[in-house]
Amino acid sequence: MMMKKYLKIIVSFGVIVSSSYMSSCKKYLDKEEQSIISEKEAFKNFNNFQGYTEELYHCIVNFSNLYYTNSWNWGEDEITSTAGDYHFIHKIDNGNFWGWQAQHDGWGSGWMEQNDFTTEFLGGNDRNINKDLWNAAWFGLRKISIGLENMDKMTEATQEERDLIKGQLLFFRGWFHHRLMEYFGGMPYINTVLPSDEKLTLPRLNYHECADLAAADFREAANLLPINWDDTNPGKRTLGKNALRINKIMALGYLGKNYLWAGSPLMNFTVTGSRTYQADYCKKAAEAFGELLSLTESGQAPYKLVDFENYHLNFYTISENWALPGSTEAIFRGPYNAGNNTHYGTSKQYMPSLITEGDALKFVPTANYVNYYGMANGLPIKDITQADAESGYDPQYPWKGRDPRFYNDIVFDGVKVIKGTIPPKDRPENEYRYAQLYTNGSYRNIQNGSRTGYTLRKFIPLTTNDYDRAFDYGSNMHIYVPYMRLADVYLMYAEAASMGNNSAIGKSANYNKTAVEAVNIIRKRAGVADVNTKFLASSDAFIGELRRERAVELAYEGHRFNDLRRWLLLTESPYTLKTALEFDRTGTFNTTDPTQNRVVNMKEKVLVERKFTSKHYWLPLKVSDVSMYPEFSQNPGW
């Protein structure tokens with residue numbers, strides 16, 4: 001009964017440093033007997049209280065580097081090779097949503113729940129094991145309540161220091177509740193230290209009640225926290241190491257996201273019975289995002305979109321002394337404990353085993369999802385197998401004229417992957433050097449290669465292979481997928497402003513751009529034409545194109561599963577299908593420009609059809625937890 005355990009434990013005090021790179025943290029986390037101190041000492045001044053607070057940063061799960069292979073894309077966006085079936089993605093495909101729980105996950109590879117949870121940095125080859133959402137949230141909420149109830153003991157501090165501590169605690173209280181609510185719906189809102197000697201009776205709140213409480217915490221946190229810690233007196237003592245510390249922009253980002261989720265169809269349906277957006281929550285979301293975007297665009301906040309030529313810096317760095325990815329665009333990230341995690345795991349899970357060492361289990365984009373990457377002229381592809389005069393798409397040249405993000409994110413047939421020398425034993429080298437993703441090509445292998453006709457390159461350089469060796473430890477390649485980046489905020493603003501005002505040109509009162517203008521900012525960065533005017537006639541016409549834009553810009557970053565759920569689309573066709581693209585090459589193979597290669601016999605084949613019902617919109621709670629007391633009830637259907 002891990003929830004119950006973490007609602008009742010008394011935590012010890014550990015200190016971490018929240019900086020751009022966490023390799024130096026171990027010395028702060030080696031607890032000696034004298035580091036377990038009294039409440040009076042723990043909370044009396046900023047340094048001590050901040051040390052207590054910073055353990056919460058180690059409760060931010062690094063979902064993209066948890067295990068030897070990592071699963072975080074659970075919509076219709078990704079499928080694995082058949083070498084293994086132990087990740088939660090496999091359980092989801094089978095409709096077994098119990099699989100998020102440790103007792104249903106024999107491999108211990110999931111980041112939703114692990115056994116033996118700890119916030120400590122383990123040192124050496126620490127792979128962020130034993131850090132998971134479920135236990136981290138309850139542990140964190142208990143710790144936050146203790147901290148807030150001891151604010152009066154912070155007697156040796158300035159008002160600025162008290163505000164910084166309280167702002168962080170309030171942010172994390174809202175954030176942990178929001179993360180739990182995303183998957184499980186309304187929960188008890190933990191805003192006091194629960195007694196350890198009394199029976200628990202806190203009821204589950206409905207989604208809107210819970211969201212309102214989280215919003216109050218995010219709003220107060222935003223009011224208390226600075227835009228940039230470097231500009232504060234305490235922050236000057238850790239100058240240049242404050243990038244991950246919770247600030248006003250992070251609080252506003254999650255204030256808006258919390259409101260947008262509350263206003264989304266699934267959440268609104270569970271409370272009101274209406275399967276539509278709730279306009280008032282969407283307007284509140286747009287206001288929060290508008291405040292954030294006004295601060296960033298005016299230069300008051302140090303966030304801006306990364307130029308497209310450096311787009312990869314959002315997700316990986318290489319030969320930059322283990323610099324944490326994110327650059328100027330990442331808004332919310334957690335600490336990264338071990339630079340060699342990339343070397344052992346994530347970097348090797350995308351290219352086929354033919355050219356990459358590591359686990360045989362590969363994570364590949366589904367063909368149906370890649371279809372969302374439309375044309376550079378901004379128009380969608382209606383049917384990947386059929387010519388379309390309006391968009392200019394030609395199924396004989398399916399890689400030609402596409403959205404530039406397609407070429408950035410996806411390896412398609414004919415792409416030159418290997419730059420270096422291929423030993424004679426591996427000849428003919430063309431089976432290795434160029435992506436052979438046509439039907440029966442060498443990169444197509446259901447066991448340890450691509451099942452779909454594509455591989456993913458968004459989070460790795462193409463040189464991540466056995467011959468170019470970008471994944472070697474000496475290359476300093478560092479992968480980290482952020483929880484929230486600025487592009488996401490623009491798109492959430494567009495959704496909230498449109499659905500809150502029932503118009504593609506809806507806007508908030510505190511920001512000067514309309515919903516469609518916000519989308520076009522993201523498209524312009526990528527070199528894609530503006531949203532076509534035919535999608536601007538109504539909010540209903542606009543929302544489909546906005547959702548496609550969100551699918552492309554935020555592809556494989558862990559958003560799709562929750563997006564499909566909140567839009568009430570998870571159970572609806574075609575979102576239940578995962579497909580492969582089958583085709584043959586014809587004519588002369590162009591090694592210089594693979595977009596010029598002609599293909600024939602193109603067809604789309606269904607690999608998986610997920611049989612979901614309404615119960616699959618929420619994950620089931622643990623039986624041991626819902627058995628504690630009647631007021632903590634199970635989700636419908638489970």
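Here are some notes on this structure, point by point.

1. First, the ground rules: this is a predicted model, where local features need pLDDT of at least 70, side-chain atom pairs count only at pLDDT 80 or more, and totals for chains, interfaces and linings use all residues. Residues are numbered from 1 along each chain as its sequence is written, and side-chain values use heavy atoms, with hydrogens and water left out.

2. A search of the whole structure turns up six cavities of 30 Å³ or more. A cavity here is a set of points, on a 1 Å grid over the protein atoms alone, where a 1.4 Å probe fits but cannot get out; lining residues have an atom within 4 Å of a point. The largest cavity has a volume of about 200 Å³, volume being the space filled by probe spheres set on the points, which are joined across faces, edges and corners. It has 18 lining residues, and Arg179, Tyr183, Gly558, His559 and Asn562 are the closest to its centre.

3. What is the lining of the largest cavity like by class? It has nine nonpolar, three polar and six charged residues. Ala, Val, Leu, Ile, Met, Phe, Trp, Tyr, Cys and Pro count as nonpolar, Asp, Glu, Lys and Arg as charged, and the others, Gly among them, as polar. At least two lining residues come from each of α7 (159–184), α10 (248–263) and α20 (560–566). Helices (H or I, at least four residues) and strands (E, at least two) are DSSP runs, numbered from the N terminus.

4. Have a look at arginine 523 in helix α18 (residues 515–526). At 1% relative accessibility it counts as buried; the cut-offs are under 20% for buried, over 50% for exposed and partly exposed in between (1.4 Å probe, protein chains only). A polar atom of the arginine 523 side chain lies 3.2 Å from the backbone oxygen of glycine 378. Leaving aside neighbours within four places in sequence, arginine 523 is in contact (heavy atoms within 4.5 Å) with residues including Gly378, Arg405, Asp530, Glu545 and Glu549.

5. Glutamine 634 sits in the segment after α21 (623–626) and is partly exposed, at 23% relative accessible area. Which backbone nitrogen lies 2.8 Å from a polar atom of its side chain? That of leucine 621.

6. On to the aromatic rings. The count comes to 55 aromatic pairs, where rings of Phe, Tyr and Trp (its six-membered ring) pair if their centres lie within 6.5 Å; planes under 30 degrees apart count as stacked, over 60 as edge-to-face and the rest as tilted. Phenylalanine 63 and tyrosine 483 have ring centres 5.2 Å apart and planes at 90°, so they are edge-to-face. This pair ties together parts that are 420 residues apart in sequence, and both residues are buried.

7. Finally, some backbone details. Two peptide bonds to check are cis: arginine 427 to proline 428, with omega near 0°, and serine 573 to proline 574, with omega near 10°. Leucine 568, in the loop between α20 and β9, has a positive phi of about 60° although it is not a glycine. Serine 319 also has a positive phi, near 55°, and is exposed at 59% relative accessible area.

Definitions and conventions
1 Å grid on protein atoms, 1.4 Å probe; cavity = no way out; pocket = protein on both sides within 12 Å on 5 of 7 lines; lining within 4 Å. Polar contact = N/O pair within 3.5 Å; in protein donor to acceptor, adjacent residues only side chain to side chain.
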